[in-house]
Amino acid sequence: MKLAPRLPALLLAALVITACAPQTSDNASSDKDEETGTLRVWLFQEVGNKPKEKVVDSVVTAFEKAHKGTEVDVEYIPVETRAQRVKAAFNDPKSAPDVMEYGNTDTAGYVKDGGLLDVTKEFGDWNEAKDTDPTAKQSVTVDGKLYGAPFYVGVRALYYRTDVFEDLGLKLPKTMAELASTAREIRAARPDLYGLVVGGAYMYGAMPFVWANGGELATGKGGSYASAIDSAAAQKGIKAYTSLFGDDNCPAPKCAGMGGNDTITAFAAGKAAMAIGGDFSHTAVEAGKVKGKYEVVPLPGVSPGSIAPAFAGGNNIGVLQSTSHRTLAVDLMEQLASKKTQTELFDAMGFLPTFGDVRQQVAAKEPFVKPFVQTLSAGTKFVPASPAWSQIDSSLVLPTMFQEVISGKKDVAAASKDAATKMNDAFGSAG
């Protein structure tokens, strides 16, 4: 699910603070398809929500005009408390909305609990759907069926200080190995700076190192997943990332507990020469001390000229299975997730569109978007489509693994093996 200072507290919610899915549900599919009445909608409340409200109000006005006798009641709910709200809605359909925004890592859990409506046919018939980014489409897919429409996507790239690179006569790193050596060179020349600020609790900053080295979080699909975090390739990536925690780059006592927001805060405050941040981090960096003294490029991969795979965070829009307004609710879902709405939300909030053609258009309009679009085009990764993921995420299995290695408590082999065991226990209990 999504996250960051301008906040898409959303994106953070999606990438880092995935809510626990409800454990039980009395939710049932409604046999009604009423053509008039009130549709209830839950959307996430952003920091600075007014621009989002303005875009949504425009969609609602047009929808009500096109559907006589229909009213749309939109409620903005806090991201932090959505777990409780969604659980209550699934257990009591009478209190549930018809349409809901949800984090893309929540999909599998919500489907398992019977909360989301299968809209495979409607999505297939939707003309705009053909331009949906494949990874974004994957985020609404469980066992080959679709349970919503992608709403926006967020990825991370490499922020770097142009003034520091110019002063030290440095070239941009072309590989992950060069990234590490450049970070250490900066730290040696400028001890007041982190070369590349990293965080032991920053899972989505760490995972590109695992993926770029050929590792995976897990293998399998549908209801059958097995952890792959202890594979030889994954261990190589873990070593590459954890080697960055030291006095020669980002001292462990200060950096081991950092999360994604902490690393961006450090960069924005002028305390780091490089940072891995999202498109959603742009506003926070612009508001910091480094304004006008930084640029963004894709995070380099293992081989020269390659781009490291990034996690595709973001949010989706879905229809609840309990709705008594199926046709209307699906139509409203498509309007909220349409190309027009996503373009307006980008202009208003900076959310990256999930349609490839629309992304190219906004990138041409806003130069800062280009490295993120390049990253998306190079291929992104997603978490296992398993209801177990919310448990793995909320239990901090992967951050714990990284921190155990960084602290020296365990070596990479032992820490990754323990993490794999915990992941497999979660996958097994999810059924």
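**Close-up views of a predicted model**

View 1. Helix α12 spans residues 260–268, and its buried positions are Gly260, Thr263, Ile264, Ala266, Phe267 and Ala268. After α12 comes Gly270, which has a positive phi, near 85 degrees.

**View 2. The open sheet β8-β11-β7-β12.** This sheet is open and consists of 4 strands in the order β8-β11-β7-β12, with mixed pairing. Strands β8 and β12 form its edges, each pairing on one side only. On average, and with direction ignored, neighbouring strands of the sheet are turned by 20 degrees against each other. The pairing of β7 with β12 is antiparallel and comprises 4 bridges. Tyr159 lies opposite Val296 of β12. Helix α17 (residues 370–378) packs on this sheet and touches β7, β11 and β12. The direction of α17 makes about 140 degrees with that of β7.

**View 3. Strand β3 and its covered faces.** Strand β3 (residues 99–103) is mostly covered, with 5 of its 5 residues buried. In a regular strand, side chains alternate between the two faces of the sheet. In β3, Val99, Glu101 and Gly103 lie on one side, Met100 and Tyr102 lie on the other, and all are buried.

**View 4. Strand pairing around β3 and β1.** Strand β1 (residues 37–44) runs parallel to β3 and is joined to it by 2 bridges. Within β3, Met100 is the bridge partner of Trp42, and Val99 is that of Val41. Strand β3 also pairs with strand β14 (residues 313–319), here in the antiparallel sense and over 5 bridges. Asn316 of β14 is the bridge partner of Tyr102. Strand β1 pairs in turn with strand β2 (residues 70–77), in the parallel sense and over 8 bridges. For Gly37, the bridge partner in β2 is Thr70.

**View 5. Packing of helix α9 with helix α10.** Two packed helices are described by the angle and the distance between their axes. For helix α9 (residues 203–212) and helix α10 (residues 232–242), the axes come within 7 Å and cross at roughly 130 degrees. This angle makes α9 oblique to α10. The crossing of α9 with α10 is right-handed. Helix α9 contributes Gly205, Ala206, Phe209 and Val210 to the contact, and helix α10 contributes Ala234, Gly237, Ile238, Ala240 and Tyr241. By class, the contact of α9 with α10 holds 7 nonpolar residues, 2 polar residues and no charged residues.

**View 6. Packing of helix α2 with helix α14.** The axes of helix α2 (residues 50–66) and helix α14 (residues 326–336) come within 10 Å, with a crossing angle of roughly 140 degrees. This angle makes α2 oblique to α14. Helices α2 and α14 cross in the right-handed sense. The contact is formed by Val56, Val59 and Phe63 from α2, together with Leu328, Asp331, Leu332, Gln335 and Leu336 from α14. Divided by class, the residues of the contact of α2 with α14 are 6 nonpolar, 1 polar and 1 charged.

Definitions and conventions
Residues are numbered from 1 along each chain as its sequence is written. This is a predicted model: local features need pLDDT of at least 70, side-chain atom pairs count only at pLDDT 80 or more; totals for chains, interfaces and linings use all residues. Side-chain values use heavy atoms; hydrogens and water are left out. Axes are lines fitted to C-alpha atoms, for helices over the stretch in contact, and angles run from 0 to 180 degrees between N-to-C directions. Angles under 35 degrees count as roughly parallel, over 145 as roughly antiparallel, 65 to 115 as roughly perpendicular and the rest as oblique. A crossing is left-handed if the near helix is turned anticlockwise from the far one by less than a right angle, and right-handed if clockwise. Contact means heavy atoms within 4.5 Å. Ala, Val, Leu, Ile, Met, Phe, Trp, Tyr, Cys and Pro count as nonpolar, Asp, Glu, Lys and Arg as charged, and the others, Gly among them, as polar. Buried means under 20% relative accessible area, exposed over 50%, partly exposed in between (1.4 Å probe, protein chains only). Two strands pair if DSSP finds at least two bridges between them.
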